[in-house]
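Have the sequence and the structure open while you read.

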Amino acid sequence: MSITDANPKPLQSLDEWEDFMKERYPESTAAVVKKPSVGTDAEKKKEEFRNYEADARPTVREFYRLNHLHQTHDFVKAKHQEYLGLKRMQMGVWEAAEYLNQLVDDSDPDTDMSQLEHLLQTAEQLRRDGQPRWMILTGFVHDLGKILCLWGEPQWAVVGDTFPTGCAYSDKIVFPKFFEANPDSQNPVYQTRTGVYQEGCGLDNVLMSWGHDEYIYNVCKDYLPIEGLYMLRYHSFYPWHREQQYSHLLDEKDRKNLQWVNAFNPYDLYTKSHTKPDAKALRPFYEELIAEYFPAKIRW
Ligand SMILES: [Fe+2]
Ligand SMILES: [Fe+2]
């Protein structure tokens with residue numbers, strides 16, 4: 001597959017990346033599962049030894065190549081400048097979910113979930129499990145940052161598992177060899193264990209690769225409790241919450257809140273097979289919940 005487009009779109013749909021994550025981290029490996037796992041130890045062992053990279057579709061491989069090539073420390077700084085002033089628009093949370101729902105992928109609309117359906121499935125499972133109201137709401141907003149796609153951001157700058165920039169890459173990041181082409185790999189300052197950071201500086205001070213997580217965290221940071229904000233900001237930071245990497249950058253606050261990021265992950269990853277939620281019927285419940293935490297319009 002050769003892609004020379006300046007703004008290439010390797011994935012057929014954003015879901016393709018999440019489906020790949022689900023293959024890499026099957027439900028039997030989740031840290032927090034509501035039901036006892038049915039997988040046998042032998043099956044789990046087999047999962048552990050599967051070569052996910054070799055089995056990845058060419059579209060997913062190309063997506064990771066572009067992500068690892070372009071996500072430099074300077075690129076992240078530029079995106080913070082561009083987006084985190086939140087000067088693009090003002091809209092309510094439900095309105096943002098409908099706005100995001102315009103994002104129609106190339107894949108079959110009959111079999112795939114819409115963006116709004118994924119948000120509702122995540123939130124509805126949290127609700128069924130009796131989780132706190134702020135967590136249900138966090139589930140509902142967690143992927144609203146994907147509106148970056150509607151503003152022309154390429155897929156590799158919106159989705160993908162995230163990682164710290166400005167320091168050495170963990171080899172537990174998917175497709176680590178693609179980092180060889182990242183200009184930061186040639187900068188010795190960025191290639192030490194702590195890089196531009198201090199030992200134990202806390203993730204607050206770390207510039208993560210740019211994507212929908214960091215953006216939605218910034219949109220919501222004045223409104224949701226810290227546990228929910230951790231879920232938003234780090235839900236794609238699989239090298240941390242699934243691979244236990246980068247512990248040298250963590251502070252006490254990060255260590256304390258990791259349990260919430262872990263608690264959220266199964267709701268994000270394993271609810272897509274559930275029946276399609278009825279957005280119209282659910283809207284009043286969510287409008288009321290949104291109004292408990294957010295003003296009528298917020299800045300995006
Ligand atoms: Fe996400
Ligand atoms: Fe999600």
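## A loop leucine to start with

L86 is partly exposed, because 13 other C-beta atoms lie within 10 Å. For burial, a residue is buried if 20 or more other C-beta atoms lie within 10 Å of its own, exposed if 12 or fewer, and partly exposed in between, with C-beta atoms placed from the backbone. You'll find L86 in the loop between helix 5 (73-83) and strand 1 (90-91). Helices (H or I, at least four residues) and strands (E, at least two) are DSSP runs, numbered from the N terminus. The backbone at L86 has a positive phi of about 50°, although L86 is not a glycine. Most residues other than glycine have a negative phi.

A word on where this comes from: the model is predicted, so local features need pLDDT of at least 70 and side-chain atom pairs count only at pLDDT 80 or more, while totals for chains, interfaces and linings use all residues. Residues are numbered from 1 along each chain as its sequence is written, and chains are lettered from A and ligands numbered from 1 in the order in which they are written.

## The whole protein

The protein has 13 helices and two strands. Of its 300 residues, 41% are buried. Among contacts with a separation of 6 or more, 78% are between residues 24 or more positions apart. Two residues are in contact if their C-beta atoms, placed from the backbone, lie within 7 Å.

How many of the nine residues of helix 10 are buried? Seven are, so helix 10 is largely enclosed by the rest of the structure. The buried ones are G228, L229, Y230, M231, L232, R233 and Y234. They pack against helix 8, helix 9 (212-220), helix 11 and helix 12.

Take helix 8 (residues 133-141) first. Its axis comes within 9 Å of the axis of helix 10 (residues 226-234), and the two cross at roughly 20°. That makes helix 8 roughly parallel to helix 10. The contact brings together W134, M135 and T138 of helix 8 and G228, M231 and L232 of helix 10. By class, the residues of this contact are four nonpolar, two polar and no charged. Here Ala, Val, Leu, Ile, Met, Phe, Trp, Tyr, Cys and Pro count as nonpolar, Asp, Glu, Lys and Arg as charged, and the others, Gly among them, as polar.

Now for helix 12. The axes of helix 10 and helix 12 come within 8 Å and cross at roughly 60°, so these two helices are oblique to each other. On the helix 10 side, I226, E227, Y230, M231 and Y234 meet N257, W260, V261 and F264 of helix 12. The contact of helix 10 with helix 12 has seven nonpolar, one polar and one charged residues.

For both pairs, axes are lines fitted to C-alpha atoms, for helices over the stretch in contact, and angles run from 0 to 180 degrees between N-to-C directions. Angles under 35 degrees count as roughly parallel, over 145 as roughly antiparallel, 65 to 115 as roughly perpendicular and the rest as oblique.

| Helix pair | Axes come within | Crossing angle |
|---|---|---|
| helix 8 and helix 10 | 9 Å | roughly 20° |
| helix 10 and helix 12 | 8 Å | roughly 60° |

## The loop between helix 11 and helix 12

Y246 lies in the loop between helix 11 and helix 12. Y246 has a positive phi of about 65° although it is not a glycine, and Y246 counts as buried because it has 22 C-beta neighbours inside 10 Å.

L249 also sits in the loop between helix 11 (238-241) and helix 12 (252-269). Is L249 buried or exposed? L249 is buried, since 22 other C-beta atoms lie within 10 Å. Leaving out residues up to four places away in sequence, L249 touches P164, Y197, C201, L203 and V206.

## One more loop residue

Q191 lies in the loop between helix 8 and helix 9. Q191 counts as partly exposed because it has 15 C-beta neighbours inside 10 Å. Beyond its neighbours within four places in sequence, Q191 is in contact with A168 and S185. Q191 and C167 are 24 residues apart in sequence and 5.2 Å apart in space, C-alpha to C-alpha.
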